[in-house]
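Please look through this model with me before we discuss it. My notes are meant to be read beside it.

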Amino acid sequence: MKRQMSKQARHLISSLVVLVVGLPFWQAANAQQSPHEEQPVLHGYQKAPPPISDILNARPTPLAQLSPNGKWLLTADRLPYPPVSDLAQPMLRLAGLRINPATNGRHHPPRFIALHLYYTAGNERAAVTVPRDAYLSPPEWSQDSQHFAFTNTTASGIELWIGQIGTYTASAVPKIRLSAVMGEALQWMPDGKTLLVQTVPAARGNPPAAPKSPDGPIIQESDGKRGPVRTFEDLLQNSHDEALFDYYATAQLALVKNGVATPIGKPGIFARVEPSPDGKHLLVSRIQHPYSYILPGSEFPREVEIWSLTGKVEYKVASLPLEEHVPIEGVPLGPRDYQWVPTQPATLIWADALDGGDPKAKAQFRDEVMMISAPFTDDPRELAKLEQRFVPASGGGGGFRSEPPIEWTENGLGLVRDYNRDRRWLRTFLIDFAKPGEQPRLIWERSIRDRYRDPGSPLMRTLPNGKRVMRQSGNAIFLAGNGASQKGEFPFLDRFDLDTLKSDRIFQCGDGQYESVVALLADDGTKFLTRHESPTEPPNYFVRTANGADKKAITDFPDPAPQLHGITKQLVTYKRADGVQLSFTLYLPANHKEGERLPTIVWAYPLEFNDADTAGQVSGSQYRFTTITGISHLFLLTQGYAVLDSATMPVVGDPETMNNTYVEQIVASAKAAIDKAVEMGVTDPNRVGVGGHSYGAFMTANLLAHSDLFRAGVARSGAYNRTLTPFGFQSERRTIWEAPEMYIKVSPFMQADKIKHPILLIHGMADDNSGTFPIQSERMYQAIKGNGGIVRYVQLPYEAHGYLARESTEHTLWEMVTWFDKWVKNAPPAAEQRSTANTGNQH
């Protein structure tokens, strides 16, 4: 499937464009000028008002990674706001990827600039020697905890660096240029001394030159089969794009030991490469032609194979076609979610659909888990069958890396999950590797949205072969969770017996603080690493015992922004008119006086729920340290606003039809939030604004179109016309042809004539998020402008779905503060003064 789109328009990104309708809010109102005439454009990036700039200068809390033996904590300092010139580096937008042709890596990956080591058993700490002007990747520990590897990106390529304990130094491996376009650029082999890397092919030549003229038309043709497609950005558009993708994505696998690189097989486009636990085989997933012009590279055809370390194909797992016929919320046919069993020398397992991948098909079993072992000469065997769809683990405790699809114990027991999409129901089963085909044993089950019944995630440890398994003591594993409750989150650590299925609580965070378990430091769970913070204490890492009798600080990260002292927050619960329980976190500025009613901003992001009970559950904690970064709306606290943060906007109902009442439910939720804040005496009901990002922006525009609750809104990086996302959005399963009335009803673009309160639209000009193309904001601006509304449209050069550059960050905050100051804080008297009793009247 192929389509032709103009690439010139996407690559010619120039200066910041600001379009304005209504009175210019940086000037005094001109009574003689019509508010509906287009106003002069304000050029250049603006600085955020004090003290926002100083707060943005604060050093963010570093990334932390614990060594496999638990003795060292390695932290990485991040450069949070790069200059816009970094984002302006060359970029190729190919197959859903953004590639920097100068480095042969992703365009502007996260940048770490410094590394530090902390000894958990003592007071030793040191900075690691890194290159000048460092542009580092997150480091990866070796299994023996003696070395760590990372990349350093320079103007001309990506270097391989290895650091070591003892000397606290790191050095580059000479003559190796890594390729970081696909998969993992580096990973440790099971011996802990060799690195498996992807390198730029040595003799690949120059990149393909752009043709001076087309070699023919670009043609697409369907095959008569259903192929619902979400809207994707950065797709291939012609044969030259295909050639560029082949050139930059193709890599040479190599093993690096003692500074010497040994090539493996022929170059290819490797979506995934993973060594077997015994280090003798490689699982390889290679992208193949033919490509698609309507799907990203993640859905291109693939050859999935097991290789020897010389590159010989030992077993073909699957030849997977282009994923163009996958049903909505379905899965592709053929093996997926591959994984080496960590406790076996070389046994591969995977999931395979038994229902054609179609969630609407009737089937006794939807998925089976298959396995095959070296020497891979026998047929695959069934390990387990699942009545519902197999889903991979979302990640184990510790949070430093993604966990395997099935989490295993050292003695071959595994946790496997299935998911019922109709009920949004998640079940976890115990399977035994030694008993293939045996009925899985149910361990837990709950609604996917049920926070209160979340048992937590298994804490993991690294085996000598580099694979990760669940921490185990006898027949028990250890679970760390957020501990959500009606009073907020209180993280915990449990010991869970796999025989009796009973939990014993080892630790739970107390009131007035937020302390979560990062990793165990003793096999029996008596000693562990935590991350602790409170409203007055910034996050830091501690080694402690369960009763706290032995608790030692490992890090002493300072308060990054003393300017935020005095800000208060409170978890508030209340009910919607239909009885659904809701909540928000109320933030008040430092200088707030009791009884003073403030201009207030409601900031939210709607979520979907099957039932009112789970919709009303509380998340978050009022006892976390207040940190404000990036383009956060919480910066408005420094300007005298109250903020109702994460005000819950649940859309409750049958998953097939819940969006039929989307508008009514978000309006009712917004009204309930304002009513509660007014009742508390903190909010001036005549000075309330609303804002959101992405799906929250969609919500914001709908609230302005369908209610009179708010004086103004800020909508960032949103989608407003659902006819442009015809095969579904968020959790919507129906297409526009199945539910045309709903698609029209929930599209604020179609209600642009009803938006009478000012709205600020902000969008990254390089937005890469599915469904939120910049044209969404462009057309929304034109629709509101054409219908006489008050709208301002800001386009941020080089920015994607979230905004990174320091210049973009400050300008976005300046826009938000100035807009809300103009239309909310200092708003002119409303035509009709609202009261709590009459707010929320729908048009």
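1. Source. This is a predicted model, where local features need pLDDT of at least 70, side-chain atom pairs count only at pLDDT 80 or more, and totals for chains, interfaces and linings use all residues. Residues are numbered from 1 along each chain as its sequence is written, and side-chain values use heavy atoms, with hydrogens and water left out.

2. First sheet to find. Strands S17-S18-S19-S20 form an open sheet of 4 strands, in that order, with antiparallel pairing. Strands are DSSP runs (E, at least two residues), numbered from the N terminus. Two strands pair if DSSP finds at least two bridges between them. The edges are S17 (270-275) and S20 (313-320), and each pairs on one side only. From one strand to the next, the twist averages 15°. The angles come from lines fitted to C-alpha atoms and run from 0 to 180 degrees between N-to-C directions.

3. Inside that sheet. S18 (residues 281-287) and S19 (residues 302-308) run antiparallel and are joined by 7 bridges. Look for Ile287, which stands opposite Arg302 in S19.

4. Another sheet. Here 4 strands lie in the order S39-S40-S41-S42, again open and antiparallel. S39 (514-520) and S42 (551-553) are the edge strands, each pairing on one side only. Neighbouring strands are turned by 30° against each other on average, direction ignored. S41 (residues 537-545) is joined to S42 by 3 bridges. Phe542 stands opposite Ala553 in S42.

5. Helix H6. Because 14 of its 18 residues are buried, H6 is largely enclosed by the rest of the structure. Buried means under 20% relative accessible area (1.4 Å probe, protein chains only). Just after H6, Gly681 takes a positive phi of about 85°.

6. The cores. A nonpolar core is a set of buried Ala, Val, Leu, Ile, Met, Phe, Trp, Tyr and Cys residues joined through side-chain atoms within 4.5 Å. The largest one has 60 residues; Phe584, Val602, Tyr662, Phe710, Ile759 and Leu761 touch the most other members. H6 gives the largest share, 10 residues. Apart from this core lies another, of 34 residues, including Leu56 and Trp823.

Definitions and conventions. Buried < 20%, exposed > 50% of the residue type's maximum accessible area, 1.4 Å probe, protein only.
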